[in-house]
Amino acid sequence: MTKKEERIAKTIAAAGVCSRREAERLILDGRVKVNGVVLKTPAFLTSEQDQILIDDQPLPGRQKRRLWCYHKPAGLITTHRDPGGRPTVFEKLPKYLPRVVSVGRLDFNSEGLLLLTTDGALARALEHPSRGWTRRYRVRVHGDITPTIIERLKQGITVKGIHYASCELEIERKQGSNTWVTITLKEGKNREIRNMMAFFGLPVTRLIRVSYGPFQLGSLAPGEVREMTGKAIADLA
């Protein structure tokens, strides 16, 4: 492989068309041509000299990598299309944004920090567990947190056959019959916090992600976006 060659799915993702995984599906569906030939495998290596067509339309030029912090409100699903007709994150984004993909997801009823990028390959890299980034959440549960619960969460627990690794829980304050806590974890499995709290009989009534790795929600209002520039982008692999 020369320095100018890369896998075709990575090239498509870097152009902002879709994620790398979605690009692989386009290729397997026979929708991608290189130099007039329909590709049959996403393992194909391409260079700047190749003509790439998707559905017989030229691939846009490779975009500058961009990244935004977005304050996701509750009541939005993190997907481009929902068969159930629920409102999506991408329908509610400011119209001036280019096409973006999310770094991981927040479920329908969760709020807070969601990273968005024009680079699908970067999104997959930032959400991969090997990066070791912590995620921090402010969580309101109905009920009381005991020292035993805190200790068991430190050790990691298994719920319905799914193992959740060690996480840190700190109590913020009591609010009537509810308790606000801060939970810090490194995994981010589907509905992880809700499932762990339900295991202890503690329904989650609000969940807000306040940080993802080095990125912070800060004072960003619901529905607002803030583009990250300079060193914050340059240091990302």
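# Group meeting talk: a walk through a predicted model

Glu6 sits in strand 1, which covers residues 6-7. Remember that this is a predicted model. Is Glu6 buried or exposed? Its relative accessibility is 17%, so Glu6 counts as buried, because buried means under 20%. The side chain of Glu6 also has a partner. It makes a polar contact with the side chain of Thr11, at 2.7 Å.

Now the overall picture. The protein chain has 237 residues, and 44% of them count as buried. Its secondary structure comes to seven helices and 17 strands. Along the principal axes, the C-alpha atoms fill a box of roughly 65 × 40 × 35 Å.

How confident is the predictor? The chain averages a pLDDT of 90. A score of at least 70 is reached by 96% of the residues. Where is confidence lowest, and where is it highest? The lowest is helix 7, residues 231-234, with a mean of 72. The highest is strand 10, at 98. Keep strand 10 in mind. We come back to it.

Four strands make an open sheet, in the order 3-2-5-6, with antiparallel pairing. Which strands are at the edges? They are strand 3 (37-38) and strand 6 (57-58), and each of these pairs on one side only. Look at strand 2, residues 32-34, and strand 5, residues 52-54. Three bridges pair them in the antiparallel sense. In one of those positions, Lys33 has Leu53 of strand 5 as its bridge partner.

Asp55 is in the loop between strand 5 and strand 6. Asp56 lies in that loop too. Check the backbone angles here. Asp55 has a positive phi of about 55 degrees, although it is not a glycine. Asp56 is also a residue other than glycine with a positive phi, near 65 degrees. What about accessibility? Asp55 has a relative accessible area of 40%, so it is partly exposed. Asp56 has 49%, so it is partly exposed as well.

Now strand 15, residues 204-212. This strand is mostly covered, with seven of its nine residues buried. Which strands pair with it? Take strand 9 to begin with, residues 111-117. It pairs with strand 15 in the parallel sense, over two bridges. Glu111 stands opposite Ile208 of strand 15.

Then strand 10 returns. Seven bridges join strand 10 to strand 15, and the two run antiparallel. Here Arg140 stands opposite Arg206 of strand 15.

Then strand 16, residues 215-216. It runs antiparallel to strand 15, and two bridges join them. Ser211 has Gln216 of strand 16 as its bridge partner. Strands 15 and 16 form a hairpin, with two residues between them. In the turn, Gly213 has a positive phi of about 60 degrees.

Helix 4 holds Gly120. How buried is Gly120? Its relative accessible area is 0%, so Gly120 is buried. Gly120 and Val17 are 103 residues apart in sequence, yet their C-alpha atoms are 8.5 Å apart in space.

The other is helix 6. Which of its residues are buried? They are Glu192, Ile193, Arg194, Met196 and Met197. An α-helix has 3.6 residues a turn, so residues three or four places apart point the same way. After helix 6 comes Gly201, with a positive phi near 75 degrees.

Last stop, the largest pocket. Rolling a probe the size of a water molecule over the atoms shows where empty space is left. How much space lies in the largest pocket? About 1,000 Å³. Its lining has 38 residues. Which lie nearest its centre? Thr78, Ser102, Gly104, Arg105 and Leu106.

What is the lining made of? By class, there are twelve nonpolar, ten polar and 16 charged residues.

How values were computed:
Residues are numbered from 1 along each chain as its sequence is written. This is a predicted model: local features need pLDDT of at least 70, side-chain atom pairs count only at pLDDT 80 or more; totals for chains, interfaces and linings use all residues. Side-chain values use heavy atoms; hydrogens and water are left out. On a 1 Å grid over the protein atoms alone, a cavity is a set of points where a 1.4 Å probe fits but cannot get out, and a pocket is an open set with protein on both sides within 12 Å along at least five of seven lines; lining residues have an atom within 4 Å of a point. Grid points are joined across faces, edges and corners, and a volume is the space filled by probe spheres set on the points. Ala, Val, Leu, Ile, Met, Phe, Trp, Tyr, Cys and Pro count as nonpolar, Asp, Glu, Lys and Arg as charged, and the others, Gly among them, as polar. Two strands pair if DSSP finds at least two bridges between them. pLDDT is the predictor's confidence in each residue, from 0 to 100. Buried means under 20% relative accessible area, exposed over 50%, partly exposed in between (1.4 Å probe, protein chains only). A polar contact is a pair of N or O atoms within 3.5 Å; within protein, one must be able to donate a hydrogen and the other to accept it, and residues adjacent in sequence count only if both atoms are side-chain atoms.
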